[in-house]
Amino acid sequence: MAAKQNARTLLCALLFVGELLLAGSLSSQGMRGTIRKESFGKTASGAQIDLYTLSNKKGMEVAITDFGATVVALKVPDRAGKAADVVLGFDTLEGYENGTAYFGATVGRYGNRIGGGQFAIDGNTYTLPKNNGNNTLHGGVVGFNKRVWKAQEIASKDGESVEMSYLSADGEEGFPGDLSVKVVFTLPADRNELKINYTATTDKDTVLNLTNHSYFNLAGEGNGDILDHLLTLHAKKLTQVDKTLIPTGELRDVADTPMDFTSATAIGKRINENYEQLVFGKGYDHNWVIASGGGKGLTLTLAAEAYDPKSGRKLDVLTTEPGVQFYSGNFLDGSAKGKGNKAYGQRAAFCLETQHFPDSPNHPNFPSTLLKPNSVFHSRTAFRFSVK
Ligand code: GLA
């Protein structure tokens, strides 16, 4: 009798251990997302371009190409669990090669504008191509967004990662120093977030300002404008600009102006007001000064929150950078046909470009964008999605 009892106990114990092992192996399988590599075609000059699609088990998928280290698609669920692609872009590589709006791209060597297309380091003046009136915008005529990057799938402890690297040669677009840049895109297995980690080194003193230029519409790309989206910017000041969108040097309080997004406000509520800064930008196209001064070291700080009340999708933008360029898609005019041949009209999306301030090399009072040999540049940004 006792022997039978013991055998039964042993059997139960074995079954229990078996179940634990099974659960363990299933959950470690469940932990992992997937990464798929496919051809995205060839550039006009014949370079092979690929598309890497990362997905997790929480319903998020992000596609990134080595052309411009560009985010091509980003699918996240709405409050009913239905996924939509929330970034503007093109179906084909050709769209990105010919495009002028920087959809989803990694922008560099210097994101946003450098006034008069020049700056000096230690008394040496560097002259850049002017591609925006009298100014240089987003790294010049052929910025990082138009370069072919080297892609590599890399091991990551919390999800799937693809690393993009690019060597920007000394003198490219007028900038000094061989600059080696790495951008790692990670989709964590356990949450709907795109993490972007930047590192760079140089062999001569140089300046750099790297950002990602994704255009978001939380209702889904091509689904109308973003004027009803609610936006919060954790910033009390912005860098005041002149009519060519070059900072005057003044950090202006946003209180009592249409630039105040310290509490959630519809993007469209004040966008057409006759306020000089809005007139200059044809809407919002300004750098807000993140109240905390940016993350300390590698610690992220919450810079911005955007929410689409209809779909329930919410985007939190976290960064180590001191500024964020909120651009309300003012220059989109429907002329470029996007995914599914959709025309993206004015304000069909918004950008939250985490960055150092525009024209910093010409403003000693701004946080420095100088990078010296023997030091490593680090910057991190996370686009975190949820539903409300
Ligand atoms: C940034 C600039 C804008 C515009 C867009 C891309 O946001 O500040 O003026 O160039 O990029 O079109």
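In this predicted model, the ligand is surrounded by Tyr102, Asn112, Arg113, Leu137, His138, His213, Tyr215, Asp285, Gln325, Tyr327, Phe331 and Glu353. The space that the ligand takes up is the largest pocket.

Arg113, one of the surrounding residues, places an N or O atom of its side chain 2.8 Å from an oxygen atom of the ligand. For Glu353, a polar side-chain atom is found 3.0 Å from a ligand oxygen atom. Gln325 also takes part, with 3.4 Å between an N or O atom in its side chain and an oxygen atom of the ligand. As for the surface of the ligand, 300 Å² is exposed when the ligand is taken alone, and the protein buries 95% of that area.

Turning to confidence, the chain has a mean pLDDT of 93, and 91% of its residues reach a value of 70 or more.

Note on methods: Residues numbered from 1 in each chain as written. Predicted model: local features only at pLDDT ≥ 70, side-chain atom pairs only at ≥ 80, totals over all residues. Heavy atoms only, no water. Near = heavy atom within 4 Å. Polar contact = N/O pair within 3.5 Å; in protein donor to acceptor, adjacent residues only side chain to side chain. Areas by Shrake-Rupley, 256 points an atom, 1.4 Å probe, with all protein chains shown as cover. 1 Å grid on protein atoms, 1.4 Å probe; cavity = no way out; pocket = protein on both sides within 12 Å on 5 of 7 lines; lining within 4 Å. Sits in = over half its atoms within 2 Å of the grid points. pLDDT = per-residue confidence, 0-100.
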